[in-house]
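Dear colleague,

I am passing a structure on to you with this email, and below it you will find my notes on what turned up in it. Please read them with the structure open beside you.

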Amino acid sequence: MQRSTLLGGALLAVVAGLLCLIGEALGLDTQHVALVGGALGGVVGLVQERTPAMRAAGFLIGLVVAWLGFAIRALYLPDSASGRAVAAALVVVVCVLFTAGSANRLPLWTLLIGAAAMVAVYEESYTADSPAFLAQSPSAATGVLLAAGIGFLATSIQGPLRAPSNQRTEDPPATGEPTTEEALVPASTHEFSATEGDRA
């Protein structure tokens with residue numbers, strides 16, 4: 001397990017560096033999103049809860065919900081603290097509804113991480129130029145999805161985590177073998193009981 005952790009971490013570090021180097025060639029702002037997207041995607045890959053497909057789907061849904069939150073802010077809400085508060089509350093509520101509607105098959109934390117990834121890479125750009133939402137947001141979403149997807153794959157190479165040896169449940173002794181309690185009883189006690197039975 002330690003070897004797979006080191007391998008996944010090394011691969012994730014290489015991927016983050018490569019994304020920063022080739023971001024300009026791809027036409028994406030990956031320099032800004034490489035660490036955020038790669039790290040958050042790595043977390044989704046590392047946490048062994050639900051299937052990988054469910055975790056990835058939750059991340060993607062959360063990111064899309066956050067993108068829709070920016071769209072609502074741009075179209076209907078004022079660019080103020082109250083507008084940001086309403087948008088943030090709506091994003092969280094929708095994420096919770098998705099989890100409840102899936103009967104918890106989509107872990108809530110994956111949706112929240114996806115939403116946080118979108119906000120982390122685009123909030124600054126939105127604040128600087130909110131009217132350019134339609135032009136700038138697709139690039140931000142694509143960049144963070146690319147980085148998160150590679151980070152997810154890099155850390156998903158690890159197998160399921162095993163419980164420490166001192167926490168594993170031992171199998172019960174085979175039939176005929178004395179249990180721990182029986183082994184602690186002195187042999188003289190067994191002999192005395194047998195003698196009393198013969199006398200009776």
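The secondary structure of the protein consists of eight helices and zero strands, where helices (H or I, at least four residues) and strands (E, at least two) are DSSP runs numbered from the N terminus. Along the sequence this gives the pattern α-α-α-α-α-α-α-α.

Please keep in mind that this is a predicted model, in which local features need pLDDT of at least 70 and side-chain atom pairs count only at pLDDT 80 or more, while totals for chains, interfaces and linings use all residues. Residues are numbered from 1 along each chain as its sequence is written, and side-chain values use heavy atoms, with hydrogens and water left out.

Of the 200 residues in the protein, 28% are buried, a word that stands for under 20% relative accessible area, with exposed meaning over 50% and partly exposed the range in between (1.4 Å probe, protein chains only). The accessible surface comes to about 12300 Å², and 66% of this belongs to carbon and sulfur atoms; such areas come from the Shrake-Rupley method with a 1.4 Å probe, and for residues only the protein chains shown count as cover. Among contacts (heavy atoms within 4.5 Å) between residues at least 6 apart in sequence, 72% join residues at least 24 apart.

The largest nonpolar core has 25 residues, and those with the most contacts inside it are Phe59, Leu63, Phe70, Met118, Val121, Tyr122 and Phe133. Helices α2 (30–46), α3 (52–75), α4 (81–101), α5 (108–128) and α6 (133–155) each supply at least two residues of this core, and α5 gives the most, with eight residues. By a nonpolar core I mean a set of buried Ala, Val, Leu, Ile, Met, Phe, Trp, Tyr and Cys residues joined through side-chain atoms within 4.5 Å. Leaving aside residues up to four places away in sequence, Tyr122 touches Phe70, Ala132, Phe133, Gln136, Ser137 and Ala140.

A search of the whole structure finds three salt bridges, each being a side-chain nitrogen of Lys or Arg within 4 Å of a carboxyl oxygen of Asp or Glu. In one of them the side chains of Glu123 and Arg73 meet at 3.0 Å, N to O, and this pair links distant parts of the chain, with Glu123 in helix α5 and Arg73 in helix α3, 50 residues apart. Arg73 is buried, at 10% relative accessible area, whereas Glu123 is partly exposed, at 22%. Arg50 is joined to Glu49, with the closest N and O atoms 3.2 Å apart; Arg50 is partly exposed at 42%, and Glu49 is partly exposed at 28%. Arg84 pairs with Asp79, the closest N and O atoms being 3.7 Å apart, and Arg84 is partly exposed at 36%.

Val86, which lies in helix α4, is partly exposed with a relative accessible area of 40%.

Finally, Ser102 sits in the loop between α4 and α5 and is buried, at 11% relative accessibility. A polar atom of the Ser102 side chain lies 2.9 Å from the backbone oxygen of Thr99.

With best wishes

Technical notes: A polar contact is a pair of N or O atoms within 3.5 Å; within protein, one must be able to donate a hydrogen and the other to accept it, and residues adjacent in sequence count only if both atoms are side-chain atoms.
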